[in-house]
Amino acid sequence: MNPLRALVLVLIAGFVVLWLRAPSRPKTAFAYLRWVALACAAALIVAPFLWLVAAAFKDREVLNEYIFFPPLPWTDKTMNLENFRRLFAGDPSVQGKVYFWQYVLNSLFVTTTITVLQMVFCSAAGFALAKYDFRGKKPLMTFMLGSMMIPSVLLLAPLYEMIVELGLVDTYSSLFLPYLAVPYGIFLFRQSMLSIPNEMLDAGRIDGASEFYIYLRLVMPLVRPMCAAFCLVTFLGNWNAFFGPSIFLHTQDKLTLPVILNLYLGLYRADYGIFLAGTLIAILPPAILFFALEKEFIGGLTSGAVKG
Amino acid sequence: MKQRGLAPYLFLAPYLVVLLVFTLYPLANAAVLAFQQTNGPATRAFVGFDNFRFIFSDPTFYQALKNTTIFAACSVLVQLPLSMGLALLLNEGKGRARALLRLVLFSPNLVGQIFVGVLFSVLFTARYGLVNRFLQALFGWGLEKQWLQDPALVMPAIIIAALWLYVGFNMIYFLAALQSVDKTLEEAARVDGATRLQVFWNVTLPSMRHVVVFVVVTSLIGSYQLFELPLALLSSSNGRGPDNAGLTVITYLYDVGFVTGDLGLGSAVGWVSAIIIFTLSLLQIRFSGLAEE
């Protein structure tokens, strides 16, 4: 009898006992069942994470010996930092040795830059669409919403050709320029700015504030929760971006984490402790951001869908 | 609201430039490219409808379309009911345990498709992989299942990995929708003697239909763009899997357009998948009632 099957039997027995004790009121039995189901789901979700952490720290010799962690006490022979040491030892490449922290820095740089750029340009465009009346506004709005339906895959081939023609291959600009402002972000900022009263902006104007000052100092502070949510969603999306970086970047020392980890997968097939250590490092920054800003994130995710 | 000279145009200028240069121009170019054969970005030749003729007579493309459709169907028929079930279970709970469970169930979504692919490519290995070990402990199945080498098991493997990744994501939407459902309506139905299932089917579900439609259509659209997960999961065969068992439409596009280097053919595949996605988006507008507003 293995422990997992024993656990299942105990859980079933618990349900039967609860059911028999109060057959007329099955409520407690069902409440119990509900928590068991939820706990099982949570365990299934957590197991791969736990396994990832264990595998990243396990010694190569015992990698396949224990399912999760080796039994306590851990020694240098079972749990150590060997995988990380070898991960950070550097890859040979045409440009000389490239160290793993280089990819981490690349990813951080690319993702942060694109998040900041998108926040600035999307909020500016959203502000114009929310708080001004100007010629061509209606068609532009319609057009923008329509362009959200163009699937990104359709534009990849011509975009690649354009990046080549512009001489931007293998530069980070090729990742930034096409996505400076995205319709989805503009729309979100416009929606959250609509509720700001016009009288407030007019009061600023009477005091002699420029339009830019109004945008930066009056409006932006008011939509700060929206900014946080937008930045998180954008950061996550771009941190995990693969298609663009994998076709636009070529030189090894410019690659981002998703691209290099996909390469490692082929390189270290049998020795998976190494790329799992890399994966563990790669999922840390978004995890830290998420747990710090969880509420804003979930609010931002659902704000577009649920209100409608 | 008044017109204020150039100000709005200046605020919009960066977006307008991006729209013209990186959306509209490539879109027009995609239309031209689809009728050309290219060898890398340098050489182009007009070939009429040959690209489309090639796609629709290529058994590999049909295999990709079939795999992608199976994946899309499973997303809607397996993943979404599970998400809804979890949302219903969580909706009745209260307090800290509920917040913690919500966080835990959502957490895989922080991990991108590539990283999930990398992780699960090891979880699915024979003998020491976690999936096989779990199934052995629970049902006594053998440890020798070659999930990623057996053509019959490749799609189930992709679906399981995607299930782990997205079940909590969709649950968040359902949970938010469940909380905006009018409680008095459900209460009234229950007083009238409706069972829990009847209340859910006749009261709860209809009053959150906007979100349900939104989630169904977004998962369909996402499914037809599936690419990174199988690419990493099946990296030894460039995302194709044994006998192309894991090939998706976008992997096919990546293959012909960027690996082989015929951007024209790639564009044509792009149009075919765009039409599928566009149709699904129209369905969303039609059924979500956005058009009436």
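Modeller: The domain assignment divides chain A into domain 1 (3-80) and domain 2 (100-306). The model is predicted: local features need pLDDT of at least 70, side-chain atom pairs count only at pLDDT 80 or more, and totals for chains, interfaces and linings use all residues. Residues are numbered from 1 along each chain as its sequence is written, with chains lettered from A and ligands numbered from 1 in the order in which they are written.

Biologist: What counts as a contact?

Modeller: Two residues are in contact if their C-beta atoms, placed from the backbone, lie within 7 Å. By that rule 75 residues from chain A and 77 residues from chain B take part in the contact.

Biologist: How are the residues on the side of chain A that touches chain B divided by class?

Modeller: That side has 58 nonpolar, 10 polar and seven charged residues. Ala, Val, Leu, Ile, Met, Phe, Trp, Tyr, Cys and Pro count as nonpolar, Asp, Glu, Lys and Arg as charged, and the others, Gly among them, as polar.

Biologist: What makes a set of residues a nonpolar core?

Modeller: The members are buried Ala, Val, Leu, Ile, Met, Phe, Trp, Tyr and Cys residues joined through C-beta atoms within 7 Å. A residue is buried if 20 or more other C-beta atoms lie within 10 Å of its own, exposed if 12 or fewer, and partly exposed in between; these atoms too are placed from the backbone. The largest such core has 158 residues, and B:Leu233 is one of those that touch the most other members. Helix H7 (residues 151-179) of chain B gives the most to this core, with 15 residues.

Biologist: Which residues does B:Leu233 contact, leaving aside neighbours within four places in sequence?

Modeller: Among them are B:Phe120, B:Leu148, B:Ile158 and B:Ala161.

Biologist: How confident is the predictor in chain B?

Modeller: On pLDDT, the predictor's confidence in each residue from 0 to 100, chain B has a mean of 87, and 96% of its residues reach 70 or more.

Methods: Helix = DSSP H or I, 4+ residues; strand = E, 2+ residues; numbered from the N terminus. Domains from an automatic or database assignment.
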